[in-house]
Amino acid sequence: MGNNEEFKKALDILDVELKKKGISRRDALKVAGLGSASFLMGNGTEAEAATIANASDAKGKILIVGGGLAGISTAARLTDALSNPDITIIEPNPTSVSYQPGQTLIGAGVWEKSDIVYNTKDFVPSGVKMIKDMAKEFDPENNKVLTESGQTISYDYLILATGLVLDYGMIKGLEGVGMSSEANPEVSKKIGKNGAHSIYYADGAVNTYKGVQELISEAKSGKKLKALFTHPNTPIKCGGAPKKIMYLIEARLREAGVRDNVDMSFYPNGGKMFGVPEYHDAIVKQFEARDMKWEYKNNLVEIDVNTKKAIFEKRWLEKGEYDPDIEDYDMIPMSKKIERDYDFIHITPPMRAPDAVKNSSLAWQKGSASKGGWVELNKETLQHTRYENVFGLGDVAGIPMGKTGGSARKQYKVVTENLISLMEGKELTSKYAGYTVCPLITDIGTVMLAEFDWTKKPTPSFPLDPTQERYIWWLLKVYALKPMTIYGMLSGKA
């Protein structure tokens with residue numbers, strides 16, 4: 001199916017679903033913001049209307065490492081913005097890429113794997129050189145990148161959009177699983193069967209739905225079962241995903257009439273449901289209404305997938321001796337290992353930057369961000385703090401929050417504008433404000449659209465209470481966001 005056909009099909013589905021509620025597409029989507037609403041109504045976006053008529057004559061060899069959503073979108077926008085672009089992308093898998101936000105829907109049986117795969121080559125801008133390879137070493141002092149195949153590629157300007165690594169192997173018992181891709185045979189040996197599942201890669205999402213069906217089948221026999229859901233002690237892409245899959249599985253169990261037979265517990269490493277207080281409070285109420293349990297300060301450190309036992313490190317603080325200097329008690333950090341049985345477990349893996357980035361001077365050299373090897377950037381300009389000709393965006397960016405597609409949609413425009421300013425010898429004036437959006441799926445049919453930035457306050461782009469679960473946002477998530485992303489953002493227009 002061609003791009004226009006698939007886009008039209010998505011809009012037709014959206015119209016049918018909205019008509020059931022007596023709502024027009026224009027009325028329903030105009031509250032989502034001018035850019036997205038006009039795009040989804042088939043009009044030109046504000047970005048498209050503003051396509052640079054007088055492209056910059058700035059010249060330079062631009063190398064983008066990473067050909068996923070962030071990398072291709074940046075290349076497309078730069079191609080439009082430069083009169084004579086010289087752009088190369090290094091990407092190990094240039095043929096097909098998954099629309100990752102859809103993996104949660106696959107895990108709940110709403111979508112199939114074929115719904116999230118697109119061909120990268122269909123979106124590579126004309127004139128952009130694509131190298132099928134992987135970066136092995138970065139040499140920013142000499143403006144060079146060494147690839148796995150032994151090529152040395154030089155650049156004038158470097159953009160890092162590598163994404164991140166799903167490091168299942170940090171959990172004892174999952175050694176060898178590594179970054180987990182369909183090409184890694186160790187994955188299927190340990191994850192995707194016998195109750196242990198993960199939606200964070202496409203086949204894992206497919207197997208998760210099979211696991212949900214097995215859980216329902218067991219529950220129908222009258223057994224009392226336990227389903228566990230984890231959130232690790234590292235930054236992760238889409239911080240809401242571990243809860244989304246829990247909500248959706250709860251909905252499937254309820255739909256099958258077996259919810260009372262399955263005890264559902266969420267074990268996050270952190271001390272709250274969400275960093276924004278208003279969204280935290282809303283989620284707690286949603287969990288209580290659904291009888292979904294939770295316990296903070298738990299990190300999955302070990303698992304035996306054969307015996308179905310998961311070991312968590314539980315952390316807490318205990319009051320120590322009184323300190324007269326600060327007129328308060330010392331708080332002593334404590335921890336212990338707790339073993340928990342499960343019938344079903346969803347594993348959200350620890351995540352980090354790829355080795356080539358993590359082991360390079362481009363990574364943060366101190367602070368908590370250095371542990372994950374994230375790229376050291378100015379959080380507003382997205383320029384490297386030590387190498388002025390280097391920029392970064394997307395999941396690999398070492399900035400507060402921001403590991404979502406919604407963040408990348410804001411970031412790639414900032415990177416494009418600031419890179420061109422640098423090439424022209426001008427001041428970098430474009431600023432990323434930390435915008436992040438999490439369409440938190442709370443049921444099959446409702447979504448809480450959580451928008452926020454570094455202020456950690458709700459920043460809704462529509463005049464509705466952002467803490468409420470709404471059907472319209474379900475339609476946006478299931479039918480509209482993918483075509484908006486694939487045919488808008490990847491072309492550099494949205």
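**Figure 1. Secondary structure and surface of the protein chain in the predicted model.** The protein chain contains 14 helices and 24 strands. Of its 494 residues, 55% are buried. Among the contacts in the protein chain with a separation of 6 or more, 63% are made by residues 24 or more positions apart.

**Figure 2. Helix α5, residues 69-81.** The end C-alpha atoms of helix α5 lie 18 Å apart, in agreement with the 18 Å that its 13 residues should span at 1.5 Å a residue. Because eleven of these 13 residues are buried, α5 is largely enclosed by the rest of the structure. The buried positions of α5 include the run Ala70, Gly71, Ile72, Ser73, Thr74, Ala75, Ala76, Arg77, Leu78 and Thr79; Ala81 is likewise buried. In an α-helix there are 3.6 residues a turn, so residues three or four places apart point the same way.

**Figure 3. Helix α13, residues 405-423, and the residue Gly425.** Helix α13 comprises 19 residues. From its first C-alpha to its last, α13 reaches 27 Å, close to the 27 Å expected at 1.5 Å a residue. In α13, 15 of the 19 residues are buried, so this helix is largely enclosed by the rest of the structure. Just after α13, Gly425 adopts a positive phi of about 75 degrees.

Key
Residues are numbered from 1 along each chain as its sequence is written. This is a predicted model: local features need pLDDT of at least 70, side-chain atom pairs count only at pLDDT 80 or more; totals for chains, interfaces and linings use all residues. Side-chain values use heavy atoms; hydrogens and water are left out. Helices (H or I, at least four residues) and strands (E, at least two) are DSSP runs, numbered from the N terminus. The expected span of a helix is 1.5 Å times one less than its number of residues. Buried means under 20% relative accessible area, exposed over 50%, partly exposed in between (1.4 Å probe, protein chains only). Contact means heavy atoms within 4.5 Å.
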